[in-house]
Amino acid sequence: MITKLKNRFNKVFEYVIRGGVLYWTLVIVERFVSLTNFTWRVYSAIAQQIFPTIFRIKMWEFDQPPHPLKIEWVDPNLIRSFTKREYPPWEYRELQFGSVQSGDWDQKKDVTVRSKFGGPPPDIYIADSFENSLLHQAMVSHFNHGIHWKDTKFIQIVLELVNERAPVWHECYTEVDIWERCNEIDQLYSDINENGYLTQLELINQGKRPSGYIHAFANEITVDVGQNGELLLVSGRHRLSIAKILGLQRVPVTFLVRHREWMKHRETVSEISDHPDLRDL
């Protein structure tokens, strides 16, 4: 028990240090202003004016930069692959909106894992395609074929790893956490199936407690955009999987990192396009 607590403390401490002052200041402010409906309404009204301007600074060299916090409704079948930026790419994503990166990160076959990362190994989340990922296959087995969670390969691996690499799945540090997470996914599936797919801001307007303005965008299905316009999944694996299983025609998506070559291409587009990241031109 002492060893587990020590390991958990070390992982939390490392996460805090890596996040930096700016990230944790944002997190603390967003949590504080979300405590009451009044402070949330005031803050969100101000945030929607301030944050787009701040994030656009990252795209200063381009004449037609996209709105950094835009939400586009996208056919989930257009998201077929994972981003290959340094793993895990979803960490500190609240600060990644509007980012532009060069290089071959969108074309790489192998994943580079961050030094000293002790969380879930990439092979339980990432595969050559989304459909071949262990998590999606587990959810297909569970929801389409009635297979119990414990009999899926993904959960079996998570149960094996939880004591040595926690948190190994979302915020799961123990076996009890894993079964609670399974119940949460079951509830999420039922909610989307019965009520349709709502954005995080729509859920907040319907009574869900807000956790922050930027946090709401970061908790959508988030993608990077490769140099040829590929939509590469960063986060939102469970919701994307549910959308594909239910056969939904569109889901809300936010954009984090865009390849520099894609940004240059945006500058040359003069025709109306249905590409999710070109509709705003």
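Let me begin with Asp277, which counts as buried because its relative accessibility is 0%, where buried means under 20% relative accessible area, exposed over 50% and partly exposed in between, with a 1.4 Å probe and protein chains only. Please keep in mind that this is a predicted model, in which local features need pLDDT of at least 70 and side-chain atom pairs count only at pLDDT 80 or more, while totals for chains, interfaces and linings use all residues. Residues are numbered from 1 along each chain as its sequence is written, and side-chain values use heavy atoms, with hydrogens and water left out.

Which residue does the side chain of Asp277 meet in a salt bridge? The partner is Lys70, at 2.9 Å from N to O, a salt bridge being a side-chain nitrogen of Lys or Arg within 4 Å of a carboxyl oxygen of Asp or Glu. Lys70 is in the loop between α2 (37–56) and β1 (72–74), and Asp277 is in the segment after α9 (260–268), 207 residues apart; here helices (H or I, at least four residues) and strands (E, at least two) are DSSP runs, numbered from the N terminus. Lys70 also counts as buried, at 9% relative accessibility.

A second salt bridge joins Glu72 and Arg279, with the closest N and O atoms 3.2 Å apart. Because Glu72 lies in strand β1 and Arg279 in the segment after α9, this pair ties together parts that are 207 residues apart in sequence. Glu72 is buried at 13% relative accessibility, whereas Arg279, at 32%, is partly exposed.
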